[in-house]
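Welcome! Here is a short briefing to read alongside the sequence and the 3D view.

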Amino acid sequence: IGLALVFCLGFFGCQKQENEQASQIITEKKREILENLVLKSNDGTELIINQKPPKEHNNFKNIEPKKENIFKDLIVTSNQDNIKVLLFFTTWCDPCKGVVPHLENLQKQFEGQIALYGIPIDDLVGEVENFKGLMQVFNEENNVHLPMVLDENRARLFNALGGIEGVPLIALYDKEGKYIIHYLGAIPEEMIEFDLSQNLAKIKAR
């Protein structure tokens with residue numbers, strides 16, 4: 001089943017204070033259509049991001065256009081034959097810290113069948129002096145072992161998405177790179193496990 005979320009512009013993220021949310025308006029620019037964008041993970045994996053061209057809408061001017069789930073238009077592949085789990089997060093978001101151990105549990109449970117990648121966006125939604133140093137401290141303080149995508153191409157992906165609607169945001173892509181689902185917020189581990197199991201079962205049934 002899973003939680004279907006409507007993608008929207010802007011960034012709604014958790015703050016250091018519990019149960020508070022803040023919005024930061026992202027100025028909409030002409031979006032780049034991604035073609036063979038390489039995101040390098042610190043475990044040596046290269047994720048290849050492609051994007052389907054956006055659909056044209058023939059809306060009347062007085063009718064608000066339907067907001068799209070842009071994650072659905074991405075194709076995420078690598079040299080590994082497994083499901084890709086992308087975690088967009090910030091280091092100052094407590095729910096983000098809380099979801100990491102659950103994702104690492106799933107990584108162990110589905111060993112070899114899924115690949116987990118953290119995509120931090122601290123420097124994309126605010127000013128950060130030493131981004132890689134910040135990430136090293138975050139990993140050490142929170143005992144985080146998941147592979148991280150820290151290269152500059154994160155900004156191109158973020159801009160192509162028009163920002164993201166909040167963190168933590170988890171997006172799943174199947175072995176062929178096709179979109180499965182994405183979740184916003186502190187999602188129960190069991191929900192992600194169910195969606196992973198369903199997708200893997202479909203693959204076995206083919």
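Where is the place of Asn36? Asn36 sits in the loop between β2 (21–24) and β3 (37–40); helices (H or I, at least four residues) and strands (E, at least two) are DSSP runs, numbered from the N terminus. This is a predicted model, in which local features need pLDDT of at least 70 and side-chain atom pairs count only at pLDDT 80 or more, while totals for chains, interfaces and linings use all residues. Residues are numbered from 1 along each chain as its sequence is written, and side-chain values use heavy atoms, with hydrogens and water left out.

**Backbone features in loops**

- Asn36 has a phi near 55°, a positive value in a residue other than glycine.
- Asn36 is partly exposed, because its relative accessible area is 48% (buried means under 20%, exposed over 50%, partly exposed in between, with a 1.4 Å probe and protein chains only).
- Asn143, found in the loop between α3 (131–141) and α4, also has a positive phi near 55° and is not glycine.
- With a relative accessible area of 52%, Asn143 counts as exposed.
- Val167 and Pro168 are joined by a cis peptide bond, with omega about -5°.
- Pro168 belongs to the loop between α4 and β8 (169–173).

**The nonpolar core**

- The largest nonpolar core has 55 residues, and Phe71, Phe88 and Leu157 touch the most other members; such a core is a set of buried Ala, Val, Leu, Ile, Met, Phe, Trp, Tyr and Cys residues joined through side-chain atoms within 4.5 Å.
- Strand β6 (residues 83–89) gives the most to this core, contributing six residues.
- In soluble globular proteins, nonpolar side chains tend to be buried together.

**Aromatic pairs**

- There are three aromatic pairs, counted when ring centres of Phe, Tyr or Trp (its six-membered ring) lie within 6.5 Å; planes under 30 degrees apart are stacked, over 60 edge-to-face and the rest tilted.
- Tyr173 and Tyr179 form an edge-to-face pair, because their ring centres are 6.0 Å apart and their planes stand at 70°.
- Tyr173 is buried at 0% relative accessible area, and Tyr179 is buried at 18%.

**Around Arg154**

- Arg154 is part of helix α4 (residues 153–161) and is buried, with a relative accessible area of 5%.
- A polar atom of the Arg154 side chain lies 2.7 Å from the backbone oxygen of Pro120.
- Beyond its neighbours within four places in sequence, Arg154 is in contact (heavy atoms within 4.5 Å) with residues including Leu39, Pro120, Asp123 and Phe131.

Methods
A polar contact is a pair of N or O atoms within 3.5 Å; within protein, one must be able to donate a hydrogen and the other to accept it, and residues adjacent in sequence count only if both atoms are side-chain atoms.
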